[in-house]
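Subject: Structure handover

Hello,

Here is the structure we talked about. Please open it alongside this note; my findings follow below.

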Protein chains: 2
Amino acid sequence: MQKPTLDFWFDFASTYSYVAAMRIAQLAGQASVSVRWRPFLLGPIFHAQGMDNSPFNLFPVKGRYMWRDMERLCADIGATFRRPDPFPQNSLMAARVAMVGLQADWGEEFCRRLFRAEFADGHDIGKAETIAAVLIDLGFKPADIVAQAQTDANRALLRTQTDAAAGLHIFGAPTFSTADGEIFWGNDRLEQALAWTKK
Amino acid sequence: MQKPTLDFWFDFASTYSYVAAMRIAQLAGQASVSVRWRPFLLGPIFHAQGMDNSPFNLFPVKGRYMWRDMERLCADIGATFRRPDPFPQNSLMAARVAMVGLQADWGEEFCRRLFRAEFADGHDIGKAETIAAVLIDLGFKPADIVAQAQTDANRALLRTQTDAAAGLHIFGAPTFSTADGEIFWGNDRLEQALAWTKK
């Protein structure tokens, strides 16, 4: 029998997407749910809501809470957490490379490693060298992969994916979407989304 | 041994505060945690963030999600849910009456009944008749209680409580705060807040 599928929408710049990315493989495995990793860009989504920065920067009291909350959540799951500087980071190239990897078989591992580079190791994913280091660890020549990531076709694919997120009325990350059209927003809704998917 | 205490900050106009109010007594009982119900007003808190309306109205895509989310959450806990009209409702008098009741022994029951009047039965808590009906059900003469609610002392008490929420860097409702200074935002963090309180 085919497993039901849950779509995992995330932006590499998103703090709670990091936590979800660290948790989802194990929880989905336990639930016998397949996960489709779907990177997208929050920038255009926030822009459509009239925001030109992360809500955590626009609303400092919310940002203050988020940083403390991330410390607690990461401690709970045994993940290292270091506050990224700058925040948010430019996640465009990361998302383009992830699109390439997710069409092959190394996408999820790239995503997890890049999230850790950013949120555990303190690297800036907006810099080519951070992405290159992860690609080298995975056994690739960075220039080859980056060339694939920069093709018109791949750029268009990422734009289409971001448009698809907007079409699902996604407004933040992470968001989980189901085949029957439900969306669940936030790392803390991962369990609920998996339960819904199994229904 | 004295039970540890968790503060439950809520606004009667807040949808997720309704869900938390329906859940908290049972969960806190199971966790052997005392709950202090602390009504406050979100209006001044939102205003300080530059918002003059509910974020669910200011950001329609977020509002759209919230209404669907409320349907799902209430179905999960077996609570009726009806979308309030208008939204958000004026919760000033409700909060003042709750302050009176929480200094006596009928505050929590008043809060639960008023939340149900608003979110299950479709009454407008901004209208005196809605609050009066709940007070009558509890065996009071509404005019007596409303007079107590409208004293300068009681108005000041509610203002002080809203200031205290701001002082804890609370930016939304419901929020749970612990004796050691942690805050947990959102109905979906109730379990986490209770676990922290027991540590």
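In strand 3 of chain B, which residue is the bridge partner of B:W9? It is B:T175. Keep in mind that this is a predicted model.

Strand 1 of chain B

B:W9 has a partner in another strand too. In strand 2 of chain B, B:W9 is bridged to B:R38. Here is the wider pairing. Strand 1 covers residues 5–10 of chain B. Strand 2 covers residues 34–39 of chain B. These two strands run parallel, and six bridges join them. Strand 3 of chain B spans residues 175–178. Strand 1 and strand 3 of chain B pair in the antiparallel sense, over four bridges.

Strand 1 of chain B is also mostly covered. Of its six residues, five are buried, with buried meaning under 20% relative accessible area.

Helix 1 of chain B takes in residues 15–31. Together with strand 1 and strand 2 of chain B, helix 1 makes a β-α-β unit. The unit is right-handed.

The two chains

Now the interface. 100% of the interface residues of chain A are also interface residues in chain B, so the copies meet through the same surface.

Best wishes

Conventions: Residues numbered from 1 in each chain as written. Chains lettered and ligands numbered in written order. Predicted model: local features only at pLDDT ≥ 70, side-chain atom pairs only at ≥ 80, totals over all residues. Heavy atoms only, no water. Buried < 20%, exposed > 50% of the residue type's maximum accessible area, 1.4 Å probe, protein only. Pairing = 2+ DSSP bridges. Right-handed = clockwise from strand over helix to strand, strands pointing away. Contact = heavy atoms within 4.5 Å.
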